[in-house]
Amino acid sequence: MKTSTSRIASYVTGALTVAVAVLPAALGPADVPVPQHHIGHAVLIVGGAITGLLAASATAPRIGPPAAAWIAPTVIAPMLAMYFMWPSALDYLDAHPLLHGLEHLSYVFFGFITAYAGQRYVRGVGWVTGTLLACMAFSAAGFFGVAPRSPGAAQSQCHPSPTDCFPR
Amino acid sequence: MEAVAKADPLTLHGSPRAARRLMWVYVDTGLAIFAAMALAGLAMRAEQARAIAFGPDVFYALMTLHGTLMILAVAVAAMGILWYLLRTEGVLDERVAYCAHSLMSVGMLAVVVSVAVGRFGASWTYLYPLPFVGLSWSSWATGSYLIGLALVTLGFSVWCVQVLGFVLSKYGGFRGAFAWDLVFRPKAFAASGKEPPSLPALAALVVSLSGLATRADGMAIGVPLIVHWIDPRVALDPLWAKNLTYFFGHELANLTMYMAVAAVFIGLPRYTQKDLHVSAMWVIAWWATLIYVALAAFHHFYMDFVELLVFQYIGQAASYAEAVPVTVVTIFSALVLVYRTRMRWTMGSLFIYAGLIGWVVGGIGALLDATISNNRFLHNTLWVPAHFHTYLLQGVLLFIIGWVFLMLEERSGRSSPPIVRWLAGLSVFGGAALFLLSFFVAGAYGVPRREAVQPMPGPDIAVWASVGAALLLLGLLVTLIEAIRLLALPQDGDSA
């Protein structure tokens, strides 16, 4: 893909993803189940990552020694993205559309940084890190804050005072 | 003491001294942790044999520490060796590798604090919700353990990104690094004059890709566990948590082997004076390894009746398929290398070659357990630690020790006298055989794993295991003394 085409494509993808991300701010309070939240976040991450890949193909040098500084954002951004998916904060965010929109923008940002920084380090790395971040985000929909009512889940609620549930 | 025939010294890009120093930092860290954890392992077997008594709480804390750090110890040492081998092909920034090492070291220290001070004892598997409901450790110990593992994962991912970036930039992206043209357009590839990726580069590619997937999986479960630790309102699905945790452990354990086997690819040809060429078969074998190792993780799903049935079929089929690239390509190639050559049997070649045997035996043990009809009887018995102790202790560890001796022998231009080889060989291999056989026999009898107090015949068999472990440690002590002796010899003039 030509550099100019990549640049335009990155602008278009980025604008679309950001538009989807700020929808909650426009639509107002909503009550969305946690798994749907996670899937929505994963979609935003994918949009951010695609934008990052396109932006990198327009700006990253094809040859040259790897720039070590890009490793840090490549490995840290996915971890931060997972922390931002904190499920118990979702109810509060649902009730505050502006914050909800900002939270969504953070997923776009993390997706973008993970893929872009990886590509800037060495072409190809961003594809791997971006794809894996998307997988992490989608997997969260299966279990992160969405446990079925089971004996195990009930016991876990006893933390941090397990003795409340299990007398010595 | 015998003079060794000279192989051409390994040519290192950048500063050879800096590259060697970095490799030794990784290898020494790994072997030091290994030694400490081996003592912990001996103590556990002695407790099970009722030779000593420190109680279940200490046992489970020791088991957690041993299980976590043993796998990380061999991983760190193997990472150093693979990184060093890549430096023979181009420059990798040492600062990045030191950063990875530091993150992993701090993480492992947090694990030690969690267990040694906080008595965390939920096992390396930290199966949700156990870390949060244990009665013998505090909440902070759980946090320290989880944060420690997160730092280890972060450090490992730094290393993986660096290694992946190196291979991709050296061989021209994924197409070149996967040697696509060598397999599908061999004539055009030969005409192009390009070199296929070296065997260490293929290993590095597969390990870094699998490693990043492992890291993503580890983060996908690690972050929610830390979130739950901070905010107990956030519940997790235990089955999902278990699946992700076991994929993480399964991949990491396998990756240690595929990192360390790079030492075989470079080490064995140096002893046999024969070259090991990369062919399309080698390349396909590594592609298969990348896929099958991940799919074989489904054999950890067998006992969960609520999982999809198809996972069980995939798990068994992939477990068998995973053995093909290893046995048919790696082991067969190694045998061909050694067959009818004037093999120099030194400490280095002895350990590397014996490591191949341990890899196969441990692999067969794994296959037997991964067969569903057998797994009904062997699941969660001592058969499981039997197979992974075999390929780690008599496979990965021996590759690492073999590589250490190769470096020391080439540095000094000398090898060990036969009496030392016999002494170290008999005690290391004999002790390990007794130790590992005890695990297998107890597993076949159905003695459960992860139990401080075992039913009979567990305690009786644990006596033999303790004797074997003590003999093995004695052999490793002899090996260490011999390594120090070789290190103390003056450096040979033109060796690497």
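**Notebook: cavities and cores**

I began with the largest cavity, which is lined by A:Met79, B:Tyr126, B:Leu146, B:Leu149, B:Ala150, B:Thr153, B:Gly218, B:Met219, B:Gly222, B:Val223, B:Ile226 and B:Phe248. The model is predicted: local features need pLDDT of at least 70, side-chain atom pairs pLDDT 80 or more, and totals for chains, interfaces and linings use all residues. Residues are numbered from 1 along each chain as written, chains are lettered from A in the order written, and side-chain values use heavy atoms, without hydrogens and water.

I noted the cavity rule: on a 1 Å grid over the protein atoms alone, a cavity is a set of points where a 1.4 Å probe fits but cannot get out, and lining residues have an atom within 4 Å of a point. Volume is the space filled by probe spheres set on the points, which are joined across faces, edges and corners.

**Cavities**

I found 4 cavities of 30 Å³ or more. The largest holds about 140 Å³. Helices α5 (139-171) and α9 (199-230) of chain B each give two or more residues to its lining; helices here are DSSP runs of H or I, at least four residues. α9(B) gives the most, with 5 residues. I sorted this lining by class: 9 nonpolar, 3 polar and no charged residues. Gly counts as polar and Pro as nonpolar in this scheme.

The second largest cavity holds about 60 Å³. Its lining includes B:Trp282, B:Trp286, B:Pro325 and B:Trp359. α11(B) gives the most here, with 4 residues. By class I have 7 nonpolar, 2 polar and no charged residues.

**Cores**

Next I looked up the nonpolar cores, sets of buried Ala, Val, Leu, Ile, Met, Phe, Trp, Tyr and Cys residues joined through side-chain atoms within 4.5 Å. Buried means under 20% relative accessible area (1.4 Å probe, protein chains only). The largest core has 189 residues, and B:Trp286, B:Trp359 and B:Trp403 are among those with the most contacts inside it. Helix α2 (residues 56-86) of chain B gives the most to this core, with 19 residues. A second, separate core has 7 residues, including B:Phe59 and B:Ala452.

What does B:Trp403 touch? I listed partners beyond four places in sequence, including B:Leu10, B:Met23, B:Tyr84, B:Ala263 and B:Ile352. Contact means heavy atoms within 4.5 Å.

**B:Thr272**

Is B:Thr272 buried or exposed? B:Thr272 is buried, at 5% relative accessible area. I placed B:Thr272 in helix α10 (residues 238-272) of chain B. B:Thr272 touches B:Leu337, B:Val338, B:Thr341 and B:Met343, leaving out residues up to four places away in sequence.

Definitions and conventions
Buried means under 20% relative accessible area, exposed over 50%, partly exposed in between (1.4 Å probe, protein chains only). On a 1 Å grid over the protein atoms alone, a cavity is a set of points where a 1.4 Å probe fits but cannot get out, and a pocket is an open set with protein on both sides within 12 Å along at least five of seven lines; lining residues have an atom within 4 Å of a point.
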